[in-house]
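Subject: Structure for you to look at

Hello,

Please find the structure below, followed by notes on what was found in it.

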Amino acid sequence: MTSARIGASDRLFLIGTAAAVSVVPLLIVVITVIVVIAAWPAVQTHGLTLLTGVEWDVPRQQFGALPAIVGTLTSSAMALALAAPVGVCVAVFVNELAPRTIGTAVGALVDLLAAIPSVVYGLWGIFVLLPWLRETVMPLLRDTLGLGRFALFSGPAYGPSLLASGLVLAIMILPYIAAVAREVLAAVPRAQREAALALGATRWEMVRDAVLPTARAGLIGGVMLGLGRALGETMAVTMVIGNRNALPDSLFAPAYSMAALLANEFNEATGDAHVSALMAVAGVLLFVALLVNALARVLVGSVRTRHARVPG
Amino acid sequence: MIVTTAGALRFTDFSVWYGARQALHTVTIAIEPGIALALIGPSGCGKSTLLRACNRMTELVPGTRHTGTVHLDDGEIHAREVDVRALRQRVGMVFQQSNPLPRSIFENVAYGPRLNGVPDGSELTDRVTEALRRAAIWDEVADRLDDPALALSGGQQQRLCIARALANDPEVLLLDEPASALDPGATQRIEELLYDLRGSVTIVIVTHNLQQAARVSDRTAFLYDGRLVEVGETSALFTRPREAQTEAFITGRFG
Ligand SMILES: Nc1ncnc2c1ncn2[C@@H]1O[C@H](COP(=O)(O)OP(=O)(O)OP(=O)(O)O)[C@@H](O)[C@H]1O
Ligand SMILES: [Mg+2]
C-alpha cells in the first residue's frame with residue numbers, strides 16, 4: 001500500500017538525516033579524542049610546563065608554550081577590542097540609522113571583507129601594514145605621543161609584532177561581528193522600538209534605550225564568534241606576527257601564536273616528543289576555541305528564542 | 001499635580017496610503033477634549049491606521065503618505081515646524097502587546113520625563129508616583145520599583161505601559177486593543193482605570209470587543225473598509241445605529 005511505502009521512505013529519510021546530522025558532533029568528538037591521545041605522551045612527560053613554560057627549544061626537548069598562548073590571547077583580545085565596537089557601530093548604522101540604499105551598500109562592502117582570503121590579508125599586512133606601522137604608527141605612538149614610557153609601547157619598531165597581528169585580525173573578524181550584530185538587531189521586535197518612539201524618543205534614543213539593551217546578549221555572542229575566529233586564524237597571523245617564540249614584552253615586539261607555531265613546526269616536526277608537544281598545543285587551542293564558540297552560540301540563541309513569541 | 005487639559009483631535013478629509021494601497025479614505029471626525037472614543041470595525045478596516053495617525057506613528061512604515069489634515073487643538077500635526085517627539089509626548093500610546101523596556105519599573109515610567117530633561121529628584125519621583133497611581137498599579141509596585149518591569153504579570157505590564165504614557169502628562173491617550181492579550185480580571189482593571197481617566201485625558205481606544213467599547217467609551221466610531229461609516233454617542237450607536245452597515249456589524253452579521 002502507498003501509506004506503507006511512504007512510511008518506509010519517511011523512515012529511510014529520517015535515518016539518513018539523523019546519520020548526516022550526527023556526523024558533525026561525532027567529528028568534533030573524534031578530532032578531540034585524536035588530539036588528546038596524540039598529546040598524551042607530552043602531557044605525561046612535561047605536565048603543566050607545557051602551559052607555563054617559556055622555553056620552546058626542540059633540540060633540548062623544552063616545550064613551554066606560554067609565549068604562543070599569550071600571543072594568541074593578546075592578539076585576539078586586541079582584535080576584539082578594536083573590531084567589537086566598530087562592528088556593532090556598523091550594524092547600528094546599517095540597520096537603524098542610515099538611509100536604506102546607503103545602509104545596504106555599506107553592509108555589502110563590510111560583508112565583502114569576509115570573502116578576502118586569509119593569505120591576501122597576510123600579504124597586505126606585509127607590504128602595506130608593516131611598513132606603515134614601522135615608519136609611522138609606532139614612532140608616533142612611542143615618541144610623538146610619548147607612550148614609550150609605558151612598557152606596552154616601548155622597544156624598537158620592527159613592524160612584525162603583536163600590534164600588527166591584532167590589527168589584521170581586527171579587520172578579518174569585523175565582517176563576522178557586524179553580520180551577527182545586524183542579525184541580532186533585526187530580531188529585536190518592532191514593539192520594543194515603538195515603545196521608545198511613542199514616548200518621544202529620537203531614532204538614536206530608541207537604538208540606545210530599546211534596541212541595544214534588548215540585543216545585548218546576542219551582540220556579546222556575535223563578538224565571541226569573532227573571537228573564536230581570531231583565536232584560530234593562522235595564515236595571516238603567521239605572516240605578520242614575527243614568529244618569535246618568546247614572551248612578548250611590548251605590543252611592538254615580534255611574538256608568536258599557537259596557530260602560527262603549529263603551522264610553522266608541524267611539517268618539520270622531529271621525533272615523537274615534538275609531535276606530541278605540538279598536539280598538546282593544538283589541544284589547548286581547540287579547547288579555547290570550542291569554549292568560546294559554544295558560549296557565543298548560547299548567547300546569540302538566547303536573543304532569538306526570547307523574542308520568538310512576540311509578534312513583530 | 002501637573003495634569004494638563006485634555007486635547008481635541010480633528011481629522012479633516014484625511015487619507016492614508018501604504019505604498020499603492022489606500023488604508024483610509026477621506027476620514028473627517030472631531031474628537032472632543034476629555035471624551036473616550038472607541039474605534040470599532042472589522043479586521044483590516046483601518047482602525048490602527050487612524051489611531052497611529054494621531055501621533056504620526058504611521059510614518060514609520062516606509063512608503064506611507066497621506067492627504068488631508070489632523071489638528072491637535074489648534075495645531076496641524078503634520079506642519080513642518082512640528083517636532084514629532086514633542087507631539088508623541090502630548091499624544092501617548094499603548095499597544096496591544098505590553099512592551100516594557102528592559103529596565104526597572106521605575107525607569108520605565110521615568111523614561112518619558114527623562115527624555116524631556118527632568119533630572120533625578122523629587123519632581124521625577126513625583127511624576128512617576130502620580131503616573132503609577134493614575135494607572136491604578138501603584139499599590140502593586142510601590143515596594144518594588146527597582147524590580148525589572150519584565151517580571152510583572154501581563155496585566156500589570158499593560159497598566160505599567162499606561163502609566164509610562166501618562167508620565168508624559170499627555171493630552172490624548174491612544175490605545176490599540178490594550179486588553180486583547182489579557183484575562184478577564186486584568187481586562188476589567190484596565191477598563192476601570194480608563195473610565196477613571198476620562199475627563200483628564202482624551203482617550204481613543206481600538207477594540208474588537210463591542211461590550212468593552214460600550215463600557216469604556218462616550219462615543220463610538222465605526223470604520224469599514226477605510227471609511228468612517230458612522231460616529232455618535234456610544235449608547236445611541238449601539239441601540240439605534242443610523243447606517244445599515246453599522247447595524248450589521250454590531251449585531252454580528254459580519255466582521
Ligand atoms: N505596514 C503596513 N504595510 C502595508 N499595508 C498595511 C500596513 N499596515 C496596515 N496595512 C493595511 O492597511 C489596512 C488597514 O490596516 P489596519 O492595521 O489599520 O487595520 P485594523 O482595522 O487595525 O485591523 P485589525 O483589526 O486586524 O488590527 C489593511 O488593509 C492592512 O492590510
Ligand atoms: Mg489593528
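In the shell around ligand 1, α1(B) gives the most, with three residues. Both α1 (47-53) and β2 (21-31) of chain B supply at least two residues of that shell; helices (H or I, at least four residues) and strands (E, at least two) are DSSP runs, numbered from the N terminus.

This is a predicted model, in which local features need pLDDT of at least 70 and side-chain atom pairs count only at pLDDT 80 or more, while totals for chains, interfaces and linings use all residues. Residues are numbered from 1 along each chain as its sequence is written, chains are lettered from A and ligands numbered from 1 in the order in which they are written, and side-chain values use heavy atoms, with hydrogens and water left out.

Ligand 1 is surrounded by 14 residues, each with a heavy atom within 4 Å of it. Among the closest are R21(B), S43(B) and K47(B). An N or O atom in the side chain of K47(B) is 2.8 Å from an oxygen atom of the ligand, and for a polar side-chain atom of H208(B) the distance to a ligand oxygen is 3.1 Å.

Now the two chains. Contact (heavy atoms within 4.5 Å) links 23 residues of chain B with 20 residues of chain A. Two salt bridges are found across this interface, a salt bridge being a side-chain nitrogen of Lys or Arg within 4 Å of a carboxyl oxygen of Asp or Glu. R52(B) forms a salt bridge with E194(A), with the closest N and O atoms 2.5 Å apart.

Regards

Conventions:
Polar contact = N/O pair within 3.5 Å; in protein donor to acceptor, adjacent residues only side chain to side chain.
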